[in-house]
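Hello,

Here is the structure I promised to pass on to you. Please open it alongside this email, and I will walk you through what turned up.

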Amino acid sequence: MLTLTDLINARISAAGAQNESDIIRYILEDDLNSPQKKNMADGERYYAAEQDVLQKNFNQGMVEETAEEESGEESVQKPFSNPNRSNHHNVNPFHQLLVDQKVAYIAGREPTISVAGAEEDADLKAYQELVSQVADENFNEMLQNWILGASNKGFEALHFYYDTDGNLQYCIIPAEEIIPVYDSQFQRELVEVIRYYSITVVKGGVRYQRRKVEWWTAENVTYYTEQDKNLYIRDPAYPVNPAPHWWDVDLENGMEKQKTAHSWGRVPFVILENNRNRTTDLQPIKGLIDGYDLISSEGTNTLLDLVELYWVIQGYGGDTAAAIARRLQINKAVSISDSSGKVTAEQVDLPLQGRIDYLKMLRRDIYHFGQGIDIDNDTFGTAPSGVSLQFHYAGLDHKAGRMSAALKKAIKQFFWFITEDYNRRNGTDYDSSLIRVTLNYSRIANDAETVTIIAQSKGIVSDKTLLEHHPFVSDVNEELDQLESERESELDRYGFGSLPGQLVNSNEQS
C-alpha cells in the first residue's frame, strides 16, 4: 500500500530524477520486495498445498564431528547424506481448509441486498429488483473468489471496465498485480491504483519477460510498457495516452462517427481488505503448520525405515553371522555347534505416543489461532443446542466479523458502479447509498430451535429479518416476492380483502 506522500518520496528517491521510467522502476522494485508481496506468495502457495515441507530433504542432515585443533579438540557440524533413508513428505493443508471454511461461512449463502424504503416507494421497489437481478449466482461466485483472494493475500481487487460491445463488466485483478495508493491524511480513500503484470515478448528469436504498467487515477489511466530491462515508456499501442476510463462511440452505418471520453470520477477498482492490517489468514499459523508437517513427515519416514525385528548374533565372524541370518530367514531356525555363540531376537519399540500427543497439540493450536472449527473434535455435535453450537463458532465468528464490515462496504462500492452505469443509460436517478447489505452466515444449527425462535418473534421483529435467519430461505428478496404473490393469489381466490378467519393488518391495506 502506498500513499500520495509515498509517491512524492518515490519521485525524490528515484536518483533525484523527475523521470517517469525511474519512478516506475523504483515503485515496482520496492513493491516486489515488500513483506506484503512475500506474504501473498506464501498464502497462495499454502492454499495450493505447496508447503515448505516439500523443500525438506529427509535424506540429508547435519552430524557433529570432533576435529583436532592445535588448541585442542573442537566439535564441528558437517552435512550428512543417507540415500537409503525414506524421503516422504506429509502435506497437511490446514490453511486451505480454514480459508474454504471461512469463505463458505461468509458467502455460502447469498447475501441479502435490499434498498431502504422499497416497501413504500414504487421507484425504489424497481431499483431493488434491479439490484436483485445483479446479485445472482455469478455475483455470489465472484464474491466467494473475492473473499478467497483477500484471505490468502491480505486484500483483493475488483476492476470495472467496458467490453468491446459497450457493456459494463467486472473481474478480479490479482492483488499481486496491484499497488493501491491511498490519501495521505487518513489512508482510507483509494485515490490511485498502479497495476503491473508480465508478458512474453520475442526479439530476434529470443523470448523475454517484460512488464506492462497501468497507472489509474480518478480521471484517466496512463499505459506504460517496458521497452528494455527497467526502461519504461508510454505504450504506443494507445493513441490517446493518458486515456479516459472509457469511450462512448457513436456509429452511423457501421462507421465510427464520434467518440466521447468518460471517466468515473473515482478509480474503477474496489479493494476488499481481509482485516484492518491487511494480513493474510496464513501468517498467524504458518509456523504451526510447518511444525506439524515436519513432525508428521519425520514420523512417517521413521516408520517406513523401521526394522521391527533384528537378530543379535554373538561369537561368530561376519561371514558366519550372515550365513546364520540366511538360515533364519529360510528355516526360521538354526543349529549352533559353538558353545560360546548366541543368537537372540530384539524387538524395536517406537515411542509413538509422545509424537501423537504433540501433533494433537499443534492441531489444536492451528484451529485455535486460525479461528476455525475442527469438525473432528470429539465434542463437536455431542450437544447440538444453540448455545453449544455458538460456542464452537465463536472463533470463526470473530474472524468473519473482522472482514464483514469491509465486505459490506466493498459490496456497496460495487453497486455504486452498477447504479451509475444504469442511471447513465436509462436516465434514472437511483441512489446507491440506500442499498443495505446483510450477510447470511452458513453455520450448522439446530433448525428446530431456530424455527421456534422465529415463530415466537413474529410481530416483534420484521418479517424480512425473520426470513433472513430462516434455515429454509436462501434468497430473502425472492422469498418476499413469492409470499406477496401467494397472498395476492389467495385474495383473488376468495374474492375479498382478507382470508377467512383473518383480519387485514392496517399497514397491508392498499
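Let me begin with a question: what percentage of the residues of the chain count as buried? Of the 510 residues, 37% do. Please keep in mind that this is a predicted model.

**The chain as a whole**

If you look at contacts between residues at least 6 apart in sequence, 62% of them join residues at least 24 apart.

In soluble globular proteins, nonpolar side chains tend to be buried together. In this model, the largest nonpolar core has 47 residues, and the members that touch the most others are Phe139, Leu407, Ile411, Phe414 and Phe415. Several elements each supply at least two residues of this core, among them helix H4 (94–107), helix H6 (137–153), strand S5 (155–162) and helix H11 (394–426). The largest share, eleven residues, comes from H11.

Leaving aside neighbours within four places in sequence, Phe139 is in contact with Pro111, Ile113, Val134, Tyr170, Ile411, Phe414 and Phe415. There is also a second, separate core of 15 residues, which includes Phe155, Val221, Val267 and Phe269.

**A nonpolar patch on the surface**

Some nonpolar residues are found on the outside too. Val240, Trp247, Val249 and Leu251 form a nonpolar patch on the surface, and together they have about 350 Å² of accessible area. Val249 belongs to strand S12 (residues 246–252). With a relative accessible area of 40%, Val249 is partly exposed.

**A hairpin**

Next, have a look at strands S10 (residues 221–228) and S11 (residues 231–234), which pair in the antiparallel sense over four bridges. One of the positions to check is Tyr224, whose bridge partner in S11 is Arg234. The two strands form a hairpin with two residues between them, and Asn230 in the turn has a positive phi of about 65°.

**Salt bridges**

Side chains of opposite charge can pair when their charged atoms come close. How many salt bridges does the structure hold? There are 22. Three of them may interest you:

- Lys37 pairs with Asp31, with the closest N and O atoms 2.9 Å apart. Lys37 counts as buried because its relative accessibility is 10%, and Asp31 counts as buried because its own is 8%.
- Asp52 pairs with Arg45, with the closest N and O atoms 3.0 Å apart. Asp52 is partly exposed, at a relative accessible area of 30%, and Arg45 also counts as partly exposed, at 26%.
- Asp290 pairs with Lys286, with the closest N and O atoms 3.0 Å apart. Are these two residues buried or exposed? Both Asp290 and Lys286 are buried. They lie four residues apart in helix H7 (residues 286–304), so about one helical turn separates them.

Best wishes

Conventions:
Residues numbered from 1 in each chain as written. Predicted model: local features only at pLDDT ≥ 70, side-chain atom pairs only at ≥ 80, totals over all residues. Heavy atoms only, no water. Patch = residues over 30% accessible without salt bridge, like charges linked within 9 Å, V, L, I, M, F, W, Y side chains within 5 Å. Areas by Shrake-Rupley, 256 points an atom, 1.4 Å probe, with all protein chains shown as cover. Salt bridge = Lys/Arg side-chain N within 4 Å of Asp/Glu carboxyl O. Buried < 20%, exposed > 50% of the residue type's maximum accessible area, 1.4 Å probe, protein only. Core = buried A, V, L, I, M, F, W, Y, C linked by side-chain atoms within 4.5 Å. Contact = heavy atoms within 4.5 Å. Pairing = 2+ DSSP bridges.
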